[in-house]
Structures are given as structure tokens and as C-alpha cells.
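Hello,

Here is the structure we spoke about handing over. My notes on it follow below.

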Amino acid sequence: MCGIVGYIGHREAYPIIIKGLQRLEYRGYDSAGISLFDGKDIHLAKTKGKVEDLKNKAESTIPAEGKLGLGHTRWATHGVPNDVNSHPHYSNSGDLVIIHNGIIENYESIKQALTKRGYTFESDTDTEVLVNLIEEVKKKEGVKLGKAVQIALNQVVGAYAIAVFDKSKPDEIVVAKLGSPLAIGIGENEYFIASDASPFIEFTNNAVYLEDEEMAIVRIGKEIKLRKIKDDAIAYPNILELQLNLEEIEKGGYDHFMLKEIYEQPKAILDTYRGRLLADKGIVKMSGIDQNLEKFLNANRIIIVACGTSWHAGLVAEYIFEDLARIPVEVEYASEFRYRNPVITEKDVLIAISQSGETADTLAAIKLAKEKGAFVFGVCNVVGSSIARETHAGAYTHAGPEIGVASTKAFTTQITVLTLIALKLAQEKGTLSQSKFHEYLAELEAVPTKVEKALLSNPLVEEISETYKDSTNCLYLGRGYNFPVALEGALKLKEISYIHAEGYPAAEMKHGPIALIDEQMPVVVIATRKGHYEKVVSNIQEIKSRKGRIIAIVTEGDETVKQLADHVIEVPDTSESLSPLLTTIPLQLLSYHIAVMRGCNVDQPRNLAKSVTVE
């Protein structure tokens with residue numbers, strides 16, 4: 001959450017920072033700001049609202065010239081969203097400027113101590129407290145900015161990614177990280193700072209991702225200087241060559257990133273299994289599994305930890321692992337797992353799933369599991385992310401950048417990776433016959449083509465959306481492998497259309513939710529031919545007898561459900577375990593079209609952020 005952009009070099013900073021902030025809008029935010037140093041004075045513009053509002057305000061307050069600047073999009077934690085609480089923040093002297101992502105948990109006690117020493121505060125933020133603490137250390141200890149930042153950060157508790165500069169030293173920016181992501185782009189006699197690489201990808205492919213409790217000083221004309229925050233020890237930068245390209249992070253002619261990403265799923269799934277799935281040879285190749293095979297084969301159980309959509313992918317994986325590989329699986333909300341003193345042993349394997357690789361609760365669960373001796377395997381989409389670095393091993397999804405806050409292709413590529421792992425383990429354990437194993441490989445290989453076919457339902461889904469766009473509630477029902485898909489479909493509708501929706505196992509409807517059903521209640525039922533089909537048909541009949549409006553997702557050619565449902569959306573036939581990769585497609589489209597018709601901000605829904613880097 002929050003977006004950080006900074007620049008120091010030979011170019012004009014303002015257009016780089018504004019465009020960078022626009023690229024980070026997907027992260028979710030409620031206000032934005034920019035600070036620019038023109039060599040003499042610091043100029044500031046910040047406002048509640050969007051980056052476009054900031055641009056309009058900055059026209060009268062920010063000069064055209066300035067080679068040093070910081071920009072920020074804020075997701076409110078301390079203090080309501082308003083102009084004053086927006087970043088950047090100044091120190092009392094006006095010499096230091098800071099932007100900050102994260103939470104300083106002990107800010108109140110620090111604020112009280114600084115107030116007693118004569119400091120005053122304009123905002124309600126923990127960030128303004130931090131910049132004044134840095135200033136106090138700088139004055140009291142008589143040290144330079146970098147050392148002052150290091151000393152100050154040893155006094156705070158919480159999470160942060162910060163960038164700070166001192167107008168008396170206009171050739172440097174100091175940055176630091178703990179828990180929140182921060183990347184430094186390295187150009188020719190210039191540096192870029194950002195929450196991820198998207199703001200600077202057209203300028204350089206070389207980047208350093210700070211590790212937790214690391215800080216860096218970037219100076220014009222000098223190499224990057226890294227230090228450990230705890231003991232000031234020298235650290236050495238690992239400069240990565242980025243694979244991201246500019247076209248991937250643009251809309252490509254689609255009205256919204258979300259729609260673009262829904263349509264990218266055939267390619268994303270193909271890219272995720274490309275090189276790993278050799279169906280004609282009957283091989284699944286995954287280096288992260290191959291190198292740690294004994295850990296998985298000897299595990300007493302697999303624990304999956306995740307949040308949101310990734311948790312739903314984990315629920316699908318529970319069915320897949322237990323069904324195919326016969327390994328017990330528990331799926332946990334990472335946010336609950338870390339606080340309930342879980343029983344973890346050295347015989348456990350923990351799989352952590354996260355699109356961004358920066359989810360704070362999931363990272364905390366990883367650290368807890370490692371302390372207990374468990375083997376930790378990561379599944380994430382972002383190369384070089386914190387989860388990729390913290391886990392013992394892992395596998396990347398190859399979804400490409402996902403900009404829309406409501407996750408779509410991350411979900412299907414996570415399921416793809418987890419299916420590959422389950423198939424690999426099933427082959428090694430002998431829990432699948434060779435013929436069945438080959439059948440699964442062929443089915444998975446055919447999924448991208450079948451997803452393309454499922455996407456052809458878009459005009460029908462748009463027509464159905466028109467009927468239900470003004471609904472206030474919606475139920476989603478599924479059984480077996482498609483129960484998690486029902487949860488995911490309901491989450492998508494809630495996230496972007498703001499319609500209350502709930503997902504349930506279809507059989508649980510009789511244990512409460514059936515009381516809600518009347519002629520105003522749309523009920524989405526996943527009723528594919530494989531997997532408890534007759535039971536789901538019975539559930540549909542129960543809904544029909546209570547005058548519920550039924551939207552059914554069925555296997556193509558289905559005639560039984562067609563006689564009962566108000567609307568039928570067909571998806572291609574596939575094995576039961578792979579059906580979530582197809583049934584989720586019309587549900588994504590349904591939520592998208594309803595949100596558009598309701599005038600909602602599809603890519604940046606209110607109150608949400610793409611990467612949740614605070615608790």
C-alpha cells in the first residue's frame with residue numbers, strides 16, 4: 001500500500017515522478033503529493049484525491065525545473081485522508097523532506113518526547129513524527145543525514161519504506177526498508193526510487209531491491225552505498241536486470257487493466273507452465289520442487305498460508321494436493337495463523353502464496369514457520385520480492401504485472417503452479433496411475449485454449465450484468481473444487497461493485513443462507529458436470545422453489561440445469577480438479593461488467609490496495 005517515487009539525476013524530476021505515481025495508482029490510495037527541489041527552494045503540492053488532482057494543483061505550485069524530487073500516494077493509517085496528512089512531510093526546520101510507506105507503531109511516545117523538546121506537528125501522521133525524530137538525531141548527535149536516519153530507525157517499532165532528503169545536501173537521497181518494498185533503479189549518473197520497478201522501467205533495467213533492515217544512500221556521480229540499519233555494517237548491492245517491459249504495464253487498448261488482465265489469462269497460464277510441463281514426455285519439471293523433493297515427500301502435512309484471493313487459490317490447492325498426492329493439507333489465513341500460537345514442526349512444509357510477494361501477514365507467517373524449523377516454499381508473481389527472498393525455495397507464477405487491484409490472472413496462475421506441484425508429488429509418490437497422470441498433463445496443457453473459449457461468453461455475461469447491476473445482495477454457491485471459486489466470485493463482486501455478496505458450499509445453503517432467498521436475490525451456482533453434479537442440481541431446485549434468480553455456470557452442452565436456471569453460462573469440459581481455471585472466468589467478467597455499469601472505479605476500488613504491506 002502507498003506508492004513511493006523519487007528521482008535524483010540530470011533529468012527534470014517532475015514528469016518522472018508524476019508518471020511514476022500514475023503507474024503506482026494500482027496499489028490503492030486516497031491522497032497524493034510531490035516535493036521538488038530546484039537547487040534553492042523546496043516546492044510542495046499535495047492533496048486528497050487522485051494523482052490527476054495533484055497534477056492540477058501542482059501546476060501553480062511546482063516549478064518546471066528541478067532535478068531532485070519525491071512523490072507519494074497515501075493509503076491512510078494515521079490520520080484521515082486530507083491535504084495536511086498527505087505526504088511528503090517536512091521537518092520543523094523545513095530542511096528535511098520525507099515520504100513513507102508503513103506504520104510506526106511507537107510514534108505516539110516519540111511524538112510526546114519531541115513535543116516536550118519544542119517540536120510542533122501539523123498532521124496526525126506517524127510520518128511527520130519520524131522526519132522530526134531524524135532531524136532531532138541529526139542536530140543532537142551532530143551527524144550527517146544518513147547516520148541520523150540509521151540512528152532514528154533503531155528507535156522506531158513498525159514497518160517502513162522511506163525516502164528522505166536534506167536541502168543542504170541536494171546531491172543525495174537516503175532510503176531505508178523494513179517490511180515494505182523499495183526498489184532503486186540505477187541509471188547513468190541518476191537514480192530512481194520506487195515501490196516497484198514500474199515507474200522507471202523505460203529509463204533503466206538495472207535495479208536493487210533493498211532487503212529488510214537495509215538503508216541506502218544514493219548520490220549523483222557516486223555508486224550506491226548500502227548499510228545495515230541495526231549495526232551500520234556495510235552491505236553489498238545485488239543489482240538485478242529487470243525483465244519487465246513497458247508494454248506490459250500499459251492498458252493495451254482495453255478500457256481497464258482488470259479487463260486486460262482477464263483476457264491475458266490464456267497466455268499467463270501458458271507462460272506459467274511453459275518449460276515446466278512436458279506433456280508429451282510425461283514430465284513435470286520444477287527446480288524448486290526437484291531440489292527439495294524429500295522435504296515434500298516426507299512431510300507430515302502441508303500448511304498453506306495466504307490472504308484474500310491467494311487464500312482462495314490455496315483452498316483449491318487443498319483439494320488438489322489431498323486428491324492427487326494424498327498429502328494432508330491445512331489452509332490458513334496468514335493474518336490469523338501468526339497470532340494463534342500454531343503447532344508447527346520440522347516435519348511440516350509451509351507454502352506461502354502472494355501475488356505481490358510483499359503481503360505483511362504472509363511474510364510474518366513465513367518467519368514464524370522458519371523459526372519453528374518448517375520448510376517454507378513460496379509461490380508469488382514478483383521476482384525479487386520479499387517472499388521470494390525469505391522462503392527456502394519457491395516457484396514464480398508468470399502472470400506478468402497485475403495492475404488491477406482485484407486479482408484475476410494471479411488467481412489462475414497460482415492454481416496452475418500449485419497443480420503442477422501436486423502432479424509432481426503424485427507422480428513421485430505413485431498415488432496416480434501413469435495413465436491418469438498423463439491424462440492430467442494433457443488436460444492442463446489444453447487449459448489456455450479452453451480459457452479462450454470461456455472468454456467468448458463475455459457478451460452474454462455483459463447482458464446478464466445489465467439485469468443484476470442494481471442488486472444489493474448476491475449468493476455464490478459451489479461444491480468441491482468449485483466451492484473456493486464461489487468464494488472468489490463473491491469477493492470479486494464485493495471488491496469492485498460494492499454489492500454485498502457471500503460464497504457458500506452449496507450444501508450449506510440449507511443451514512442459514514436459504515432464508516435470504518426471494519425473487520430479488522440473484523444466486524450464482526457453479527454446476528459443472530463433473531463433481532457432485534446431481535447434488536448441485538438439487539440445490540438449484542431448492543432455490544427455484546423459493547423464487548430465487550439463478551445464474552448457472554455449467555459445462556457446455558448441459559441441458560438439465562438449463563431447464564431450471566434463469567441464465568446459463570457455459571464453459572468447456574475439463575477434469576474436475578482443473579475446472580476452477582474455467583469456472584472463475586465468467587465470474588470475473590460478471591463482477592467487471594456490473595462494476596462498470598454501476599460507475600465504480602474498477603481498477604482502484606475504494607479503500608483497497610493491491611499490495612497489503614501493513615497489518
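Predicted model: local features only at pLDDT ≥ 70, side-chain atom pairs only at ≥ 80, totals over all residues.

**Cysteines**

The sulfur of Cys307 lies 14 Å from the closest cysteine sulfur, that of Cys380, which is too far for a bond. A disulfide would need the two sulfur atoms within 2.5 Å. Cys380 is accordingly in no disulfide either, and a search of the whole structure finds zero of them.

**Overall shape and make-up**

The protein has 615 residues and a radius of gyration of 25 Å, in agreement with the value near 25 Å for a compact globule with that number of residues. Its C-alpha trace spans about 80 × 55 × 40 Å along the principal axes. The secondary structure consists of 19 helices and 27 strands.

Of the 615 residues, 61% are buried. Among contacts with a separation of 6 or more, 71% are between residues 24 or more positions apart.

**Helix H1**

Helix H1 (residues 13–23) is largely enclosed by the rest of the structure, because eight of its 11 residues are buried. Those eight are Ala13, Tyr14, Ile16, Ile17, Ile18, Gly20, Leu21 and Arg23. Their cover includes strands S1 (3–8), S2 (31–37), S4 (68–74) and S10 (190–194), together with helix H2 (51–58).

**Backbone points to check**

Most residues other than glycine have a negative phi, and most peptide bonds are trans. Some places in this model depart from that pattern.

- The peptide bond from His87 to Pro88 is cis, with omega near 0°. Pro88 is in the loop between S4 and strand S5 (89–90).
- Asn189 is not a glycine, yet its phi is positive, near 55°. Asn189 belongs to the loop between strand S9 (183–187) and S10, and it is partly exposed at 44% relative accessibility.
- Tyr498, also not a glycine, has a positive phi of about 65°. Tyr498 lies in the loop between helix H17 (483–497) and strand S24 (500–505), and its relative accessible area of 26% makes it partly exposed.

Regards

Conventions:
Residues numbered from 1 in each chain as written. Heavy atoms only, no water. Helix = DSSP H or I, 4+ residues; strand = E, 2+ residues; numbered from the N terminus. Rg over C-alpha atoms; globule rule 2.2 N^0.38 Å. Buried < 20%, exposed > 50% of the residue type's maximum accessible area, 1.4 Å probe, protein only. Contact = heavy atoms within 4.5 Å.
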